[in-house]
Amino acid sequence: MQAWAEAQGVPEDSIIKLMGDPYGEVTQKLEMELIHAGPKSVGLINRCKRFALYIVDGVVKIVRVAEAEDDPAGDDRPDVTLAEAMHDAIKSFNSGNDEL
């Protein structure tokens, strides 16, 4: 994951941490396993959904999952999980807006 962080330009002292889940334990606990038959039919097994979390003091405050019936992996429309959308959601959350 360090190599990926470097490739993405994430500084070593960043608050952003990229973490792997080689055994799928976190994916299962978060209930983010991609179980749709489409990706599995082409060999994508034990893959997690495309998601982003905003966590404060160990409590998940915002969950965004990029998936749709015609795009179960969220590859075609990942927008809700991208940095800009998460930044907007966090700003809204921190301003007290309940409609996330």
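Predicted model: local features only at pLDDT ≥ 70, side-chain atom pairs only at ≥ 80, totals over all residues.
## Nonpolar core

The largest nonpolar core consists of 5 residues: Ala52, Tyr54, Ile62, Met86 and Ala89. Two or more residues of this core come from each of the elements β1 (50-56) and α4. In soluble globular proteins, nonpolar side chains tend to be buried together.

Tyr54, a member of this core, has a relative accessible area of 18% and is therefore buried, the cut-off for that class being under 20%.

## Aromatic pair

The structure contains 1 aromatic pair. The ring centres of Tyr54 and Phe93 lie 6.0 Å apart, and the planes meet at 75°, so the arrangement is edge-to-face. Because Tyr54 belongs to strand β1 and Phe93 to helix α4, the pair ties together parts separated by 39 residues in sequence.

## Asp70 in the loop

Asp70 is located in the loop between β2 (59-66) and α4 (83-94). Its relative accessible area is 59%, and Asp70 is therefore exposed. The side chain of Asp70 forms a polar contact with the side chain of Arg77 at 2.7 Å. Between Asp70 and Arg47, which are 23 residues apart along the chain, the C-alpha separation is 17 Å.

## Ala3 in helix α1

Ala3 lies in helix α1, which spans residues 2-7. With a relative accessible area of 58%, Ala3 is exposed. The C-alpha atom of Ala3 is 17 Å from that of Ile15, at a distance of 12 residues along the chain.

Conventions:
Residues numbered from 1 in each chain as written. Heavy atoms only, no water. Helix = DSSP H or I, 4+ residues; strand = E, 2+ residues; numbered from the N terminus. Buried < 20%, exposed > 50% of the residue type's maximum accessible area, 1.4 Å probe, protein only. Polar contact = N/O pair within 3.5 Å; in protein donor to acceptor, adjacent residues only side chain to side chain. Core = buried A, V, L, I, M, F, W, Y, C linked by side-chain atoms within 4.5 Å. Phe/Tyr/Trp six-rings, centres within 6.5 Å; stacked < 30°, edge-to-face > 60°.
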